[in-house]
Amino acid sequence: MKKNCFLFFTLLAFSFHALSVSAQVKTQIREFNLSGPYAVSEPFALDTVDVQGKKFDSNSLMSAISLTSQSTGRFSGSVLPSLPDSKSVGLLSFYIDNADFIKGKIEVKGPKNAKLYIDGVEATPELNLAPEHHHFAIRFLSMPKDTDSISVTLESNLSVTPSLSSKHPYMVHDLTDGKRVRGISLSADGQLVALSYQTTARGGDSRWSYEIRDVKTQRLISQPSGNPQWMPKSAAYLVEEKDGSRRHLYKVDPRTGLRTSFARDIPEGFYVVAPTEDFLIFYVEEEGPKEDKEIFEILEMDDRQPDWRKRSYLTKYDIKTGLARRLTFGNKGESLMDISQDGRQLLVTSSRSRLTKRPTTVSDVFIVNTQTLKVDTVFAGVEFVEGGSFSPDGTQLLLKGTPEAFNRVGCQLPAEVTPSMTEHELYLYDLASKQVKPLTKDFNPSIETVDWSWSDGQIYFSAEDHDYVNMFVLNPKTGRITKLPISGDYAYRYNIASHAPVLGYLSYKTMEPASAYVVSLGARPTSKLFFDGKTALGDAEIGTCQDWNFTNSKGDTVYGRLYLPKDFDATKKYPMIVYYYGGCSPVSRYFESPYAPQYWNSLGYVAYILQPSGATGFGQEWASRHVNTAGRGPAEDIIEGTKKICETHPFINPEKIGCMGASYGGFMTQYLQTQTDIFAAAVSHAGISNHTSYWGEGYWGYNYSEVSMANSYPWSHRELFVNQSPLFNADKIHTPLLLLHGNADTNVPLIESLQMFTALKLLGREVALVEVEGENHHILDYSKREKWLATQMAWFARFLKDDPTWWNHLYPSKHL
């Protein structure tokens, strides 16, 4: 009986092997892009060997033709082209787009002198191709009147379709590669705009470039070597030069290039130019007390952070005399919030810890007279205020704070409800009467950046508006707020000319990289496009996005978006990836996130992004649901939304749903698996597994708990810190879970993933832990990020497509 069993399993194993061999697909490449042939000749030889003692190798002539050489035509014959009377080089190329991992081999037969390259790297016959837009190139060297034949055969686990077009699905390199606009700023008169660009090549090399253009004509004026810092009054910018250890500033006329000395021998440190251009304010750093490096005391939680003991003070540098005069002194450190338009007043703040009461950080705010140095205290120990600026006439302050600021004067919620500290409002403070007026109490979008225009006296600001970031103008006299007619869906950077009603901004569309615009404000705003983000897509092609909202069981509208592949076929069944917010802000329409649904689409997934309760931008009440729930409400929305979108879209395979999140979203991923079994695979990056340990571990753990667990502590609210922690419910997790973590993460330390990994390993569950060496909370290194993204998608391919090939290539089995 045992013999029969052994024979049966042997035959079964053999049949599987035979099946896997027969499953290999052969593809004959019959058509190529052709560059050349181009005549080449051997170099004039003064000696028979080079400096290394090597003879000249004719094959080195092949490198004369670039792997990116412009195509001169198509080639589909069997005999390679050559020249009748000269040696020649040429290039044959084609592309392969694969949504799944390709394992196989490629064979190039015929040419006596040829080399194969894949994605710019000399290749071996063995193929291990991650999903990508792959460029295959064959360099060849022909002798006069050569009649070499060529045959190219690809044998792999998948059927492939070679292409001669550089058009391709949006792939991982498209997340970063190409030219992107990164910054915009305007001259004081609004007549010139400076733009900064980052251009990244395949492999990660980046270079920055800058240009100044005329706003009216869009004509290029100059291309400075660095990012111009505009003067606040004159239409000029500053450049810095060093003479040994001495630091000098020069004023540059952008139209003529004329440079004039502006300030010499200035102090070290960051500086701000006064609106009157007659002085500079410097931030100067002082070292704090040092500890023994081998054994040392930690004074408070933030003392674990590098440079926490450093303090900054303010120094005024007079342009006319060159006199540098220290303005502030103390052990807390001071920072500059604003300088009044007439240059007579500085708005200065100093923050300090108050650990026994929420908020644990409070601020003292002062006004310093720049001529007499007289100091007036505006606020002592003000709570929940994060920034401020002077009104154009200097009689009022515009302050940004949470709904709890100024005894909740800007709060819509009942006294027993704690608002989110990440929801922001605007307040107007009158310096004479000391009265505070809320400006945005009944305005649901959450304030981001603010500018009180000196030119027209209006307040301009950007705000999270559901999952958009829009721009608005507020009339401080009437309180009326008007949405600006900007282009795009996510205005993430803007600048207003200091002395003209002109606005420059960058904005993403939901399915496009950022574009740059300049708008002349007024009754009829006119807009000009200075950089079209669509060009940054290059040859990448993307799918589509449509809003998909639903009403949850509580009667709330939960907003979301559904992303579909460019070749979407409603008759097919697609696996789906679900994604949700990772902090308190909604998943915005920022196109360049590494969590990119347009990339997931290219790998054959549909994607569902939703904005569950707790997200800012939907009003104070919705944001407050993040507080003291430890994920319960958001998880209910995610589960309900995922079920409903599957019910209403028959092309979604409900058995193949994955979910993914980072930071709070990583916690949510883990928590969801303790609440539901609807997911077939899950990915948690830098996720919190234990609220109690995170609260005390991360640099900002206790700060974040002020937001999410307001006035709740492990000793007083066990139901939140313990019962709602995924770690204490690990036995309920049956979903295959991938834990990803940068092992230098100071926000959510690695131990959070280690704890969950240990628990699930001991429970015998399907779990994997992948660390990213040297990376913090965000994975920023180019090559590490590509591997990190590949890890995520290989995990999903393994469980949502039942294809472990990619995962096994990245993380082959170890016989341990």
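Guide: Begin with pairing: two strands pair if DSSP finds at least two bridges between them. This is a predicted model. In it, strand β1 (residues 25-29) runs antiparallel to β10, and 5 bridges join the two.

Visitor: Which residue of β10 stands opposite K26?

Guide: K26 faces E155.

Visitor: What holds such strands together, in general?

Guide: Strands of a sheet pair through backbone hydrogen bonds, and the pairing is either parallel or antiparallel. Here β10 has another antiparallel pairing, with strand β5 (residues 102-109), over 6 bridges. Within that pairing, V108 has V152 as its bridge partner.

Visitor: Is strand β10 (residues 151-156) largely enclosed or left open by the rest of the structure?

Guide: Buried means under 20% relative accessible area. Of the 6 residues of β10, 5 are buried, so the strand is largely enclosed by the rest of the structure.

Visitor: In what order do the strands β28, β29, β30 and β31 form their sheet?

Guide: These 4 strands make an open sheet in the order β28-β29-β30-β31, paired antiparallel. At the edges stand β28 (385-390) and β31 (436-438); each has a single partner strand, so one side of each lacks a neighbour in the sheet. Neighbouring strands are turned against each other by 25° on average, direction ignored. Strand β30 (residues 425-430) pairs with β31 over 3 bridges, in the antiparallel sense. In this pairing L428 stands opposite K437.

Visitor: Where does P392 lie?

Guide: P392 is in the loop between β28 and β29 (396-401). Its relative accessibility is 22%, which means that P392 counts as partly exposed. Leaving aside residues up to four places away in sequence, P392 touches Q341, W452, S453, W454 and G457. The C-alpha atoms of P392 and D456 are separated by 9.3 Å, although these residues are 64 residues apart along the chain.

Visitor: Now the helices. What is the general idea to keep in mind?

Guide: An α-helix has 3.6 residues a turn, so residues three or four places apart point the same way. For a pair of helices, look at the angle and the contacts. Helix α5 (residues 632-648) packs against helix α6 (residues 664-673) at an angle of about 70°, and their axes are 10 Å apart. That angle makes α5 roughly perpendicular to α6. The crossing of α5 and α6 is right-handed.

Visitor: Which residues of α5 and α6 meet?

Guide: From α5 come R632, P634, A635, I638 and I639; from α6 come Y664, M668, Y671 and L672. The residues of this contact divide into 8 nonpolar, no polar and 1 charged.

Visitor: How many of the 8 residues of helix α8 are buried?

Guide: In helix α8 (residues 701-708), 7 of the 8 residues are buried, so the helix is largely enclosed by the rest of the structure. The buried residues are G701, Y702, Y704, S705, E706, V707 and S708. Their cover includes α6 and α7 (691-697).

How values were computed
Residues are numbered from 1 along each chain as its sequence is written. This is a predicted model: local features need pLDDT of at least 70, side-chain atom pairs count only at pLDDT 80 or more; totals for chains, interfaces and linings use all residues. Side-chain values use heavy atoms; hydrogens and water are left out. Axes are lines fitted to C-alpha atoms, for helices over the stretch in contact, and angles run from 0 to 180 degrees between N-to-C directions. Angles under 35 degrees count as roughly parallel, over 145 as roughly antiparallel, 65 to 115 as roughly perpendicular and the rest as oblique. A crossing is left-handed if the near helix is turned anticlockwise from the far one by less than a right angle, and right-handed if clockwise. Contact means heavy atoms within 4.5 Å. Ala, Val, Leu, Ile, Met, Phe, Trp, Tyr, Cys and Pro count as nonpolar, Asp, Glu, Lys and Arg as charged, and the others, Gly among them, as polar. Buried means under 20% relative accessible area, exposed over 50%, partly exposed in between (1.4 Å probe, protein chains only).
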